[in-house]
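Hi,

Here is the structure I promised to pass on. Have a look at it first, and then read on for what turned up.

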Amino acid sequence: MLVELTVNGESRSANVPPETTLLKMLREYLGLTGAKLGCDVGDCGTCTVIVDGVSVNSCLMLAGRADGCDVTTIEGLATADELHPLQQKFEEHGALQCGFCGPGMLISAKNLLDTNPEPSVFEVRDALAGNLCRCTGYTKIIEAVIEAGEMMNQEQATV
Amino acid sequence: MATRVKDVQTNVEDLVTAREARAPSRQPLAVPIDQPVTFPLELPESEARLRTPAVGQRATRPDGRLHGLGQTQYIDDITFPHMLHAKILRSEYAHARIVSIDTSEAEKMPGVIATLTGAEVPENSFGPTYQDQPILAYPIARHRGDGVAAVAATTEQFALDALEKIRVEYEPLPAVFDPLEALEDDSPKVHGGDTNIYTSKVIKKGDVEAGLAASDHVFERRFSTQMVEHVPLEPHATIASWDGNGRVSIWSSLGRITLGREDLARTLQMPQSRIRLIGTVVGGNFGGKNEITNEPIVALLSRKSRRPVKAIYSRGDEFVSSTIRHPFIMDYTTGVDNEGRILARKIRLVLDGGAYCSWTGTTIGKGSILAPGPYNIDNVLVEAYAVYTNKTTTGAMRGFGAPQVCFAYESQMDDMADALGIDPLEIRLRNGFSENSLSPTGQSLQSVALKESLTQAADRFRWKEWQA
Amino acid sequence: MRPMNYIVPESAEAAVAILAERGENACPLAGGTDLVVDLKHAPGNINALVDVSGLEEFRGIDETDEGLRIGSMVTYGEIMEHPVCIEKTPEVVAASHTVGAVQTRNLGTIGGNLVTCVPSADSAPALMVLDAEVTLIGTNGWRRMPIEDFFVGPRKTILEPCELLAEIWIPGHTLGKPSSFYKFGLRKGQALALVNAAAALELDGDRIVEPRIALGAVAPTPIRAVKAEALLDGQVVNAKLLDEAAKISVTESKPIDDFRASRNYRRQLIRTLTRRVLERSVEIARERQEKDKLH
Ligand code: FES
Ligand code: FES
């Protein structure tokens with residue numbers, strides 16, 4: 001079936017078998033390998049992408065369901081010459097080690113900061129509960145998210 | 001919208017606070033838990049500190065940016081034209097003789113290009129210490145995670161469908177799951193022979209019986225730990241491409257590629273010079289990716305199909321088939337004087353090894369040496385045995401046996417402190433290693449900051465206040 | 001996943017008709033957080049998915065004279081953001097918050113959760129204490145029933161083949177009723193409940209009126225603790241009474257023994273959680289009385 005999406009601002013489409021998940025479509029049909037397959041059952045969050053403003057496990061969502069939707073993946077965070085504040089802060093804090101959880105983690109964090117730019121530690125933990133990281137122990141991730149929020153607020157203020 | 005989240009949160013937070021208020025007399029610490037630690041840490045100046053200026057500084061990882069951008073290429077992000085996907089069929093029994101395997105129906109399934117069984121592997125055994133593990137079990141399967149056959153097909157789903165068509169005839173054999181039972185004479189023997197013990201270690205220092213006899217108090221207790229899977233977020237992954245010149249290139253999430261190449265040369269029975277093993281960025285290892293798993297299978301499927309083949313473990317494969325941490329059963333007998341000084345410690349460790357040896361040698365070594373704990377003890381006896389059981393293979397995992405024994409000896413330190421009415425910190429300071437202490441194996445230890453670390457840490461988390 | 005047909009029906013009636021026509025091989029698809037996982041591992045003979053998640057009849061949250069209507073295909077994320085839910089059914093919001101994690105809550109629907117009908121479904125107890133009803137649409141048209149009657153056994157509801165859960169109704173008189181929900185899992189995020197408990201009650205002076213207690217993961221289906229409710233009804237609140245009711249609710253449950261927790265541990269949890277949700281509901285009712293006095 002033909003599925004048409006706007007991915008990171010670009011219109012993309014592919015002819016996929018109906019049982020294709022959104023994750024498979026992004027990775028195998030659109031060449032966007034940022035989102036990862038960690039568990040295939042909705043537990044780990046490595047496949048997290050934003051669909052029409054809300055974050056979802058793309059391993060559980062059929063591509064057909066996303067037809068006509070606006071999708072943001074990790075590839076859509078940075079511009080050609082600037083990192084997203086989250087990416088900058090994650091790098092500064094060393095918040096990623098093996099990095100496999102990173103794309104999903106950053107997308108969940110972005111989804112949080114888009115609606116709540118000054119989250120408490122509790123809110124960050126709650127928002128990232130669906131993103132497992134086996135390497136870091138989360139502390140640096142939480143610090144990075146909070147600082148990225150502050151940075152985004154400052155940028156907002158200076159505009 | 002933000003207020004909304006907070007509304008919901010109040011409820012949960014109320015509940016949490018209410019729960020904490022009901023907790024036994026523990027006063028919340030004055031320092032809020034989420035107060036960030038500021039870097040660089042202000043650490044006391046000492047000679048050792050001046051020689052190691054990097055300690056306590058924040059380092060940025062060179063690969064951190066790519067991770068954040070989603071540009072890091074893990075194996076599953078790599079594809080080749082014409083590439084096939086492989087899946088592995090696992091044993092139906094924990095212990096069985098494979099009477100026959102029939103892949104003919106599977107081969108007729110749509111998309112299937114090649115199949116493989118253990119009988120086709122040139123040298124069907126590998127392992128970092130003993131080469132007791134088959135690539136694909138044949139003729140005996142020793143645990144449920146043992147692969148018995150593999151399929152390469154044009155899609156993962158075709159490969160999975162084909163697995164269901166493979167007919168395996170098993171003759172179930174008696175199995176053993178409990179490591180203590182596995183020690184018994186009449187237990188089923190996982191690898192034949194007359195014992196399931198495959199590695200042991202003894203450490204002797206002084207005279208442990210005399211030390212126990214001279215003690216004012218003797219504490220005895222059994223501690224045990226469970227199996228732990230590494231759960232790297234990136235499952236084990238491999239791509240192999242066998243070319244027309246008879247060379248094979250293998251992209252693998254393996255952490256130790258030089259060792260892996262040796263195992264590949266052995267199992268494929270070809271010179272290392274014809275094997276190109278490419279270690280890619282690893283999405284989490286923790287010891288679980290220290291030896292080959294499906295690399296030879298994928299390589300042989302590529303040779304048979306003349307196409308690149310990729311195999312990614314499912315999360316299920318990961319749990320049953322990749323290695324895990326050794327469960328330990330630990331019997332501790334410790335003699336102390338009235339002041340809590342340890343005079344003797346006698347330890348028996350039984351390591352539940354699962355079906356194959358893997359990194360047990362290292363684990364039993366480190367586990368045994370560290371078993372008495374970082375304490376000055378004149379009389380020590382450690383006896384450690386690793387036994388086979390019909391369960392998931394245990395292997396390397398962070399600390400190689402150190403965390404298991406640490407749980408036991410530190411628990412017993414607390415037991416003793418409690419029984420003798422000594423402060424748990426104090427009993428550790430009385431017994432702890434200091435500069436030039438001798439380890440149980442007679443190594444003279446340098447740069448020992450155990451007591452300083454304990455005292456500093458206790459100060460920082462206000463141990464005294466908690467005790468009050 | 002095996003090859004599937006993916007069908008998006010025009011209306012609820014069309015969905016029912018498609019399901020009737022295709023029989024056993026077709027399956028309605030809601031949020032997919034359970035079904036898609038099942039299909040990946042054990043698809044059985046299903047070869048068509050009828051995606052009902054976007055159907056107008058099953059969507060939306062509206063407050064009417066009758067009460068609050070929540071479409072079965074409303075996601076947990078939507079409930080958590082809806083101003084009316086936040087104001088009038090805060091415990092349904094709290095229960096929603098304990099389901100999975102953000103990503104799964106944005107896909108998973110409240111109706112899907114009820115239809116999956118696992119004993120630990122988090123939304124069920126919170127809805128049951130508010131005397132919620134459900135409406136169903138099938139080949140014989142619509143029907144409506146109390147939510148308790150919807151659950152028949154583990155993974156088994158009253159739905160006939162080809163029948164769909166359409167709406168959840170919370171009657172007007174229980175909107176804003178003092179209530180409380182508590183879930184206990186082995187960890188905070190993404191855990192299945194070992195036990196979840198909800199309570200709702202009004203206070204008339206010091207007397208408890210219309211008490212409701214519902215428990216999840218303690219029996220084959222979510223249950224009401226009716227004997228405990230009867231004990232409370234019309235009585236003057238005191239700590240002992242609440243604990244007594246909590247004790248009785250343990251006798252009304254049949255918790256299982258499994259690798260997550262022992263039966264005995266679950267029993268203790270039932271008592272503790274029931275007492276806490278009752279205490280909390282009383283507290284809310286009291287606060288409300290204070291406020292009313294001020295006005
Ligand atoms: S791969 Fe989707 S949640 Fe793990
Ligand atoms: S950095 Fe490895 S899983 Fe998070």
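Let's start with chains B and A: together they bury about 2,900 Å², and carbon and sulfur atoms account for 57% of that. Bear in mind throughout that this is a predicted model. On the chain B side, B:R58, B:L69 and B:L233 supply 20% of the area buried against chain A, more than any other three residues. The contact involves 36 residues of chain B and 35 residues of chain A.

Between chain B and chain A the count is 4 salt bridges, along with 14 residue pairs in polar contact. If you want to see which parts of chain B do the touching, look at α1 (2-22), α3 (64-69) and β9 (228-229), each of which gives two or more residues to that side. The largest share, 6 residues, comes from α1(B). By class, the side of chain B that touches chain A has 14 nonpolar, 9 polar and 13 charged residues.

One salt bridge to zoom in on is A:K36 with B:D77, where the closest N and O atoms are 2.8 Å apart. Both of these residues belong to a network of salt bridges that also takes in A:R27, B:D76 and B:K310.

Now chain C. C:E91, C:P119 and C:V129 supply 30% of what domain 2 buries against domain 3, more than any other three residues.

Which charged pairs sit across that domain interface? The rule finds 3 salt bridges between domain 2 and domain 3 of chain C. C:E148 also forms a salt bridge with C:R224, at 2.7 Å between the closest N and O atoms. Polar contacts across the interface of domains 2 and 3 of chain C come to 8 residue pairs.

Finally, a few salt bridges within single chains; over all chains the count comes to 49. B:E123 and B:R266 meet at 3.9 Å, N to O, and this pair links parts of chain B that are 143 residues apart. C:K88 pairs with C:E63 at 2.7 Å; C:K88 lies in helix α4 and C:E63 in strand β4 of chain C, so the pair ties together parts that are 25 residues apart in sequence. C:R275 and C:E279 meet at 3.5 Å, and because they are 4 residues apart in helix α12 of chain C, about one helical turn separates them.

Cheers

How values were computed. Residues are numbered from 1 along each chain as its sequence is written. Chains are lettered from A and ligands numbered from 1 in the order in which they are written. This is a predicted model: local features need pLDDT of at least 70, side-chain atom pairs count only at pLDDT 80 or more; totals for chains, interfaces and linings use all residues. Side-chain values use heavy atoms; hydrogens and water are left out. Buried area is the accessible area (1.4 Å probe) that two parts lose on being put together, summed over both. A salt bridge is a side-chain nitrogen of Lys or Arg within 4 Å of a carboxyl oxygen of Asp or Glu. A polar contact is a pair of N or O atoms within 3.5 Å; within protein, one must be able to donate a hydrogen and the other to accept it, and residues adjacent in sequence count only if both atoms are side-chain atoms. Contact means heavy atoms within 4.5 Å. Ala, Val, Leu, Ile, Met, Phe, Trp, Tyr, Cys and Pro count as nonpolar, Asp, Glu, Lys and Arg as charged, and the others, Gly among them, as polar.
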